[in-house]
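Q: I would like to go through this model with you. Could we begin with the ligand site?

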Amino acid sequence: MTTRSLRVAEVEPLTSQITRFRFEDPDGAQLPLFSGGAHVVVEMPDGDVLRRNAYSLISDPMDGSGYEIAVRRDDAGRGGSRYMHTHVHPGNTLRIGAPVNLFSLDLRAKKHLLIGGGIGVTPLRVANPNSFRGCNCRPNCSIRCATGTRRRA
Ligand SMILES: Cc1cc2nc3c(=O)[nH]c(=O)nc-3n(C[C@H](O)[C@H](O)[C@H](O)COP(=O)(O)OP(=O)(O)OC[C@H]3O[C@@H](n4cnc5c(N)ncnc54)[C@H](O)[C@@H]3O)c2cc1C
């Protein structure tokens with residue numbers, strides 16, 4: 001997997017469990033654009049272990065000035081999300097893979113219904129027709145999102 005070193009530009013707690021991270025090129029270069037629903041793999045050098053977790057991109061797909069992700073801390077996991085919450089600070093550098101999209105829309109469809117819950121809403125955040133500018137999305141195609149959480153953030 002090809003990765004590039006990106007600087008952590010912002011770290012913002014959104015809730016007690018979810019933190020938003022913004023990554024930018026250290027030299028201010030533009031990053032490759034992506035399509036709505038794409039994710040990146042973040043490499044985390046955690047002691048002797050190199051952790052690799054996928055995170056959906058929540059920033060504007062047509063804005064190459066940076067990538068943003070939202071990470072939910074899961075203390076029952078192998079440690080990747082905990083690492084992000086406890087070790088990653090503005091000014092740090094992390095290696096990040098190129099955007100990959102496992103949730104791209106079938107652009108032949110006229111209507112899309114996207115359903116997500118909890119942190120699973122992240123790929124839906126950028127699911128609007130503008131996210132698909134440059135693609136052959138059908139004219140007037142409609143995208144509806146249904147989301148839910150167990151409790152209010
Ligand atoms: C395409 C994609 C996009 C994603 N986008 C986001 C996102 O936007 N935001 C976000 O917060 N997360 C996202 N994730 C999930 C993310 O990659 C991590 O899984 C999550 O952050 C937890 O990481 P972790 O290392 O702390 O835990 P992990 O080790 O990944 O564990 C996650 C859960 O799986 C269970 N588990 C782990 N190993 C085992 C095992 N061997 N047997 C049984 N259960 C096990 C753990 O109990 C834990 O609850 C995404 C995942 C994918 C694949």
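Q: Which helix and strands each supply at least two residues of the shell around the ligand?
A: In this predicted model, these are strand S4 (49-56), strand S5 (67-72) and helix H1 (80-87).

Q: How many residues surround the ligand, and which are the closest?
A: The ligand is surrounded by 20 residues, and the closest are Gly 77, Arg 78, Gly 80, Ser 81 and Thr 122.

Q: And what is the shell made of by class?
A: The shell has 8 nonpolar, 8 polar and 4 charged residues.

Q: Back to H1: which of its residues are buried?
A: Gly 80, Ser 81, Tyr 83 and Met 84 are buried in H1. They lie on the same side of H1, because they cover an arc of only 160° around the axis.

Q: What do the buried residues of H1 pack against?
A: They pack against strand S2 (18-24), strand S3 (38-46), S4 and S5.

Q: Turning to the largest nonpolar core, how many residues does it have?
A: That core has 16 residues, and those with the most contacts inside it include Phe 21, Tyr 55, Leu 57 and Tyr 67. S2, S3, S5 and H1 each supply at least two residues of this core.

Q: What is Tyr 55 in contact with, leaving aside its neighbours within four places in sequence?
A: Tyr 55 is then in contact with His 39, Val 40, Val 42, Ile 69 and Val 71.

Q: New topic: how many bridges join strand S1 to strand S6?
A: There are 5 bridges between S1 (residues 3-13) and S6 (residues 93-97), and the two strands run antiparallel. Arg 7 stands opposite Thr 93 in S6.

Q: And which residue in S6 is the bridge partner of Val 42?
A: The partner is Ile 96. S3 and S6 are joined by 2 bridges and run antiparallel.

Technical notes:
Residues numbered from 1 in each chain as written. Predicted model: local features only at pLDDT ≥ 70, side-chain atom pairs only at ≥ 80, totals over all residues. Near = placed C-beta within 6 Å. Helix = DSSP H or I, 4+ residues; strand = E, 2+ residues; numbered from the N terminus. Nonpolar A, V, L, I, M, F, W, Y, C, P; charged D, E, K, R; others polar. Buried ≥ 20, exposed ≤ 12 C-beta atoms within 10 Å, placed from the backbone. Arc of directions from axis to C-beta. Contact = placed C-beta atoms within 7 Å. Core = buried A, V, L, I, M, F, W, Y, C linked by C-beta atoms within 7 Å. Pairing = 2+ DSSP bridges.
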